[in-house]
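Please look over the sequence and the model first, and then follow the sections below.

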Amino acid sequence: MENLYNISPFYLWLLLLSVLALRYVLVAGIPYLWLYVFGKKKYKDLKFQNELPSEGQIFNEIKYSFITLCIYSSGIWLFLYWLEHGYTRNYSEISDYGWSYLIFSIVLMVIIHDAYSYWIHRLMHHRVLFKHVHLLHHKFKNPSPWCAFAFHPFESLLTLGIIPVVIFLIPWHNYALIVFITLIIVYDTFVHLGYDIKGLKIFKWQNTAKDHDVHHTNSKYNFGLYFTLWDRVMGTYKYNN
Ligand SMILES: [Zn+2]
Ligand SMILES: [Zn+2]
């Protein structure tokens, strides 16, 4: 980590943006080419909504997602400041807590993030915030994988808030945080797949692309990210057969 402090803040930002953008392009681009380009006839029956998104929509999804990634990357300066001053609960040796804790800490991050996402998302549906902020994401009624981070900048900032929550709350290793951030990109893309791909639903309470597609067509239901737990508890779950 020490070497990073020698890089100018701008290049540090650019480096993180490149890493995040590359992951986004790979994670969204591969299923997009597979389902929306080469397999659009073969997988036609698995598409939740009949129409394919227009080129204009895809352009906007990528544009807003890229702006979000620029905002996420800006968090690196604050992140390194906290890290350098020892404010977070970062530890450097895996042996300090062991491998089982390292794995458990990733699970914990996901559970915390699931609750955080659900309640931030509920907040976004407050009349005022919906109209001025969250409506942007809901303009994509027939989302594609590129929609994963197509948020209003204020929503991007709020969603970034999960990082300080986990790094201040639980002991964490750099590897765990890297895996967690990768999982966020993968899962946010997965719920915007737009297709019902069998085998991707592993357990009953998992939030899927089908569940999130319901949210894009009927914004009263399915606010969850990874699990449907909070939706079931709060009575906002709707499964569309
Ligand atoms: Zn969405
Ligand atoms: Zn929403």
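## A buried histidine and the first metal site

With a relative accessibility of 5%, histidine 212 counts as buried, because the cut-off for that word is under 20%. The model is a predicted one, and in it His212 is one of the residues that coordinate the zinc ion (ligand 1), alongside His137, His192 and His216, each through its NE2 atom and at 2.0 to 2.1 Å. Along the chain these donors follow the spacing H-x54-H-x19-H-x3-H. Histidine 137 belongs to helix α4 (residues 127-138) and histidine 212 to helix α8 (residues 209-217), so this pair ties together parts that lie 75 residues apart in sequence.

Histidine 137 is buried too, its relative accessible area being 3%. Around the zinc ion (ligand 1) the 4 donor atoms subtend angles of 95 to 153 degrees, and the arrangement is therefore irregular; a tetrahedral site would need all angles to lie between 85 and 135 degrees.

Histidine 121 is buried, with a relative accessible area of 11%, and histidine 138 counts as buried at 5% relative accessibility.

## Helix α4

Helix α4 has 12 residues, yet the C-alpha atoms at its ends are only 13 Å apart, which is short of the 16 Å that a straight helix would reach at 1.5 Å a residue. Its buried residues include Phe130, Val133, His134, Leu136, His137 and His138, and the buried residues of α4 pack against α2, α3, α5 (153-160) and α8.

In soluble globular proteins, nonpolar side chains tend to be buried together. The largest nonpolar core here holds 52 residues, of which Phe79, Phe149 and Phe180 touch the most other members. At least two residues of this core come from each of α1 (9-38), α2 (55-84), α3 (99-124), α6 (162-169) and α7 (174-190), and α1 gives the most, with 10 residues.

Leaving aside residues up to four places away in sequence, phenylalanine 79 touches Ile163, Ile167, Trp172 and Leu177.

Notes:
Residues numbered from 1 in each chain as written. Chains lettered and ligands numbered in written order. Predicted model: local features only at pLDDT ≥ 70, side-chain atom pairs only at ≥ 80, totals over all residues. Heavy atoms only, no water. Core = buried A, V, L, I, M, F, W, Y, C linked by side-chain atoms within 4.5 Å. Buried < 20%, exposed > 50% of the residue type's maximum accessible area, 1.4 Å probe, protein only. Helix = DSSP H or I, 4+ residues; strand = E, 2+ residues; numbered from the N terminus. Contact = heavy atoms within 4.5 Å. Donors = N, O, S within 2.8 Å, 3.2 Å for Na, K, Ca; no water. Tetrahedral: all angles 85-135°; square planar, octahedral: opposite > 155°, others 65-115°. Expected span 1.5 Å × (residues − 1).
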